[in-house]
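Please look through the sequence and the model first.

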Amino acid sequence: MIMLNLYNCLNTYLVIGAMLFGFGIYGFVARRTIIGMLISSEMILAAASMNFMAFNRFLAPNPSIGKIFTLFIMAIAAAEAAIAIAIVIAVYRNYKSIDTEDLVDLHG
């Protein structure tokens, strides 16, 4: 019965958000391709959104603040994904690879 009541606990959402954030950070550091790094950054943004929604549901007096922040994060994530995919396509056209170790000319 306790498993059925976990959705009504702030700690459950915070633990899931922390796990998503940890997986995102690990993926961002460990991945070698740009697409993997993009997916990991999306996981980090999803973790932030989950925490905003959880705090909004359990602690905020005004229920619209967390939703507005989450919509703002979703808009930023969509823009970031569109820009990153455009960069990946441009990099692939020039280098025929999206592995970050093959992109040695981008050191500046």
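## A partly exposed arginine and its partner

At 44% relative accessibility, Arg32 counts as partly exposed, a class that lies between buried (under 20% relative accessible area) and exposed (over 50%), with a 1.4 Å probe and protein chains only. The side chain of Arg32 meets that of Asp99 in a salt bridge, at 2.7 Å from N to O. Arg32 is in the loop between H1 and helix H2 (34-58) and Asp99 in the segment after helix H3 (64-95), so the pair ties together parts that are 67 residues apart in sequence. Asp99 counts as buried, because its relative accessibility is 14%.

A search of the whole structure finds one salt bridge, where the term stands for a side-chain nitrogen of Lys or Arg within 4 Å of a carboxyl oxygen of Asp or Glu. Side chains of opposite charge can pair when their charged atoms come close.

## Basis of the model

The model is predicted: local features need pLDDT of at least 70, side-chain atom pairs count only at pLDDT 80 or more, and totals for chains, interfaces and linings use all residues. Residues are numbered from 1 along each chain as its sequence is written, and side-chain values use heavy atoms, with hydrogens and water left out.

## Overall form

The protein chain has three helices and zero strands, in the pattern α-α-α along the sequence. Helices (H or I, at least four residues) and strands (E, at least two) are DSSP runs, numbered from the N terminus. The C-alpha trace spans about 55 × 30 × 20 Å along its principal axes. The radius of gyration of the protein chain is 18 Å, while a compact globule of 108 residues would have one near 13 Å; the value is taken over C-alpha atoms, and the globule rule is 2.2 Å times the number of residues to the power 0.38.

Buried residues make up 23% of the 108 residues. Among contacts (heavy atoms within 4.5 Å) with a separation of 6 or more, 58% are between residues 24 or more positions apart.

H2 has 25 residues and reaches 36 Å from its first C-alpha to its last, close to the 36 Å expected at 1.5 Å a residue; the expected span is 1.5 Å times one less than the number of residues. The buried residues of H2 include Ile34, Leu38, Ser41, Ile44 and Ala47. The buried residues of H2 pack against H1 and H3.

Glu80 lies in helix H3 and counts as partly exposed, at 25% relative accessibility. Leaving aside neighbours within four places in sequence, Glu80 is in contact with Leu38, Ser41, Glu42 and Leu45.

## Surface features

Phe21, Ile25, Phe28 and Val29 make a nonpolar surface patch of about 380 Å². Patches are made of residues with over 30% relative accessible area and no salt bridge, with like charges joined within 9 Å and nonpolar side chains (Val, Leu, Ile, Met, Phe, Trp, Tyr) within 5 Å. Accessible areas come from the Shrake-Rupley method with a 1.4 Å probe; for residues, only the protein chains shown count as cover. Ile25 is found in helix H1 (residues 10-30) and counts as partly exposed, at 38% relative accessibility.

Lys96 is in the segment after H3. Its phi is near 60°, a positive value in a residue other than glycine. Lys96 is exposed, with a relative accessible area of 60%.
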